[in-house]
Amino acid sequence: MGISTGKKLHLTPAISWLAVLLLLLLLPCISGAAAEAKAIDGSRSQHLTLGGKLLRGPESVAFDGRGGGPYSGVSDGRVLKWNGKARGWSTYAYSPGYNAKACTASRLRPAELTESKCGRPLGLRFHYGSGNLYIADAYKGLMRVGLGGGEATVLAKEADGVPLRFTNGVDVDQVTGDVFFTDSSMNYPRSQHERVTATGDSTGRLMKYDPRTNNVTVLQDGITYPNGLAISADRTHLVVALTGPCKLLRYWIKGSKASTSELLADLPGYPDNVRPDGRGGFWVALHREKTELPFGPDSHLLAVRVGADGQILQVRKGPKSVRPTEVVERKGGKLYMGSVELPYVAVVSA
């Protein structure tokens, strides 16, 4: 958020050179591979509009085992399912305590005032074998809804005796059924997410839920703003987006490095959700660029595709008014984009 003083600033030559030097120091975080990769134009997209005057924020995008969807969690606490142009969106799941009348936003009662009670579903991921949908709800914790949808069951509200304050990302090992998820902060809820970045809060946690025992294990704590995550194609490690630091973390779940983590990539922007690209790499949604300026061309990075080694392979660009939270690639090259701010899921052909 910019701060204006109302005064004109006169830059001395020394300050101007300092600004140039600072920009040169920041440029290495933008991989040379990104400059060479084919950019995808995200400014022209099909919109799967949610409907409802104040309904917005399809943060995550998921598809079931039969290819149905997309499914997405929205600002009034529900998870919706797209049924095609003719039928549009319908309610698929909701949290315990959800009440349509009390949770529908109005100009006098915006969603921000009711989401702690109604829930705010963020990360979504299906376990294809069972048909279960796992939901990382910022306020309710880790939830699950069975095949066919309905009221979700809360699976975890705390880990190691500490409440989940900001449940955020989720992914599922499709072989074992293990569920991996993040708690972005032990100090701040989603309603204060700006404070997580502003204070450099490093109380985030990466966890595993075992559906056979219902146990939650903290895999790593002391993480700075862990957000979305995805399991690798070979199921040996997790890739976790660190929003404030603009980095990707690799956490090993198998092999000689199991239970250890390492830096995978420095990113040119603030990452949100991470999803597999179907080729061994990942799509990482960027809320905004590190060095983004409010003036100049109306275009910025919406997402980057990184390889298994963390190198940027491809970028997606679009208007600065669009700040995505997730990008999912489907067969045929279609990219589905979620956003916590917009009233639609966007679809673009790669």
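The dialogue below treats backbone features and then a pocket.

A: This is a predicted model, in which local features need pLDDT of at least 70, side-chain atom pairs count only at pLDDT 80 or more, and totals for chains, interfaces and linings use all residues. Residues are numbered from 1 along each chain as its sequence is written, and side-chain values use heavy atoms, with hydrogens and water left out.

Q: Which residues does a cis peptide bond join?

A: Most peptide bonds are trans. Here G69 and P70 are joined by a cis bond with omega of about 10°. P70 belongs to the loop between strand 2 (46–49) and strand 3 (71–73); strands are DSSP runs (E, at least two residues) and helices likewise (H or I, at least four), numbered from the N terminus.

Q: What is phi of S259, and where does S259 lie?

A: Most residues other than glycine have a negative phi. S259, not a glycine, has a positive phi of about 75°, and sits in the loop between strand 19 (247–252) and strand 20 (261–266).

Q: Is S259 buried or exposed?

A: Buried means under 20% relative accessible area, exposed over 50%, and partly exposed in between (1.4 Å probe, protein chains only). S259 is exposed, at 56%.

Q: How many residues line the largest pocket?

A: A pocket is an open set of points on a 1 Å grid over the protein atoms alone, where a 1.4 Å probe fits, with protein on both sides within 12 Å along at least five of seven lines; lining residues have an atom within 4 Å of a point. The largest pocket is lined by 29 residues, with H193, E194, H287, V340 and E341 nearest its centre. Helix 5 gives the most to this lining, four residues.
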